[in-house]
Amino acid sequence: MRRRAWVFAGIAIAIAALFVRLGLWQLDRLAWRRAVNARVTARLAAPPVDAWALPRDTAELRYRGATARGAFEWGRELVLTSRTRNGSPGVWLVTPLRHPDRDTLLLVVRGWVYSPDGETVDLARWREGDTTVALDGFVLPLADSLGPAATLRGRDERAWRQLDVATARRVVGAPVLPVLLVQRGDSAPRAADVPPRLVPPRLDEANHQSYAIQWFSFAAMALVSAALFVRAERRRAAGGA
């Protein structure tokens, strides 16, 4: 059998090994995503806890159900810019909530509001009243400091692309809890001054399984091609002899 057949077979085997490794990597990603989805599902299904009593270690708090009671401080409201919803540009309304017996504020994401430029919105239009409210939602942890990543957007000093504890404390002018409480809506009709609430992320397995099948298929095709080529070379060599 000619030398080129061995070279071709060696290259095909190396390529097949690479494809198998990529397929295994996709299976690892699938297992990781399933584990994450299981944790998120368990946290969302667990009985909600009082947001004011959350532990300071926020590593295991993402999407944890929580409740809070207090009064909104509209004069300290922020927006998080460039937040899309169903393909439309907008912002998240972030309103500090004050507990009657605490000085530390809780930042509440009340919902999403349409904004053509993704950063400008009439905050007064979306005030829901000044009475004490009881909220239900899920938690998103805040980093202590994002550094340059927490950049001011536009002309409004209260419009931010990202938010961390240090930035929130400085802009709000008061201590804040290291989390965002994302307020969830209920089945009642939404009033005109109530922004659309956010919902927990849709949990899926992405395309890791299909990608793994594709890589394994490519590996099989490489090996079959190598086998057919070697077989043809052998026949050609036998015919020549």
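**Strand β6 and its partners**

I started with β6 (133-141) and found that five bridges join this strand to β8, the two running antiparallel. I took helices (H or I, at least four residues) and strands (E, at least two) as DSSP runs numbered from the N terminus, and two strands as paired if DSSP finds at least two bridges between them. Within this pairing, Val 139 has Leu 181 of β8 as its bridge partner. I then looked at β2 (residues 65-72), which pairs with β6 in the antiparallel sense over six bridges. Seven of the nine residues of β6 are buried, so the strand is largely enclosed by the rest of the structure. My cut-offs were under 20% relative accessible area for buried, over 50% for exposed, and partly exposed in between (1.4 Å probe, protein chains only).

**A note on the model**

This is a predicted model, with local features needing pLDDT of at least 70 and side-chain atom pairs counting only at pLDDT 80 or more, while totals for chains, interfaces and linings use all residues. Residues are numbered from 1 along each chain as its sequence is written, and side-chain values use heavy atoms, leaving out hydrogens and water.

**The cores**

Next I checked the nonpolar cores, meaning sets of buried Ala, Val, Leu, Ile, Met, Phe, Trp, Tyr and Cys residues joined through side-chain atoms within 4.5 Å. The largest has 24 residues, and Leu 107, Leu 163 and Leu 180 touch the most other members. Among the elements that each supply at least two residues to this core are β4 (90-98), β5 (105-114), β6 and α2 (165-172).

**Asp 164**

Which loop holds Asp 164? I found Asp 164 between β7 (159-160) and α2. Asp 164 is buried yet has no salt bridge, and the nearest side chain of opposite charge, Arg 170, is 6.8 Å away. For a salt bridge I required a side-chain nitrogen of Lys or Arg within 4 Å of a carboxyl oxygen of Asp or Glu. The side chain of Asp 164 does reach the backbone nitrogen of Thr 167, at 2.6 Å.

**Two positive phi values**

Last, I looked at two loop residues. Tyr 63, in the loop between β1 (49-50) and β2, has a positive phi near 70° though it is not a glycine. Asn 86, in the loop between β3 and β4, also has a positive phi, about 55°. Are they buried or exposed? Tyr 63 counts as buried at 18% relative accessibility, whereas Asn 86 counts as exposed at 75%.

Notes: Lys, Arg positive; Asp, Glu negative; His and termini not counted. Polar contact = N/O pair within 3.5 Å; in protein donor to acceptor, adjacent residues only side chain to side chain.
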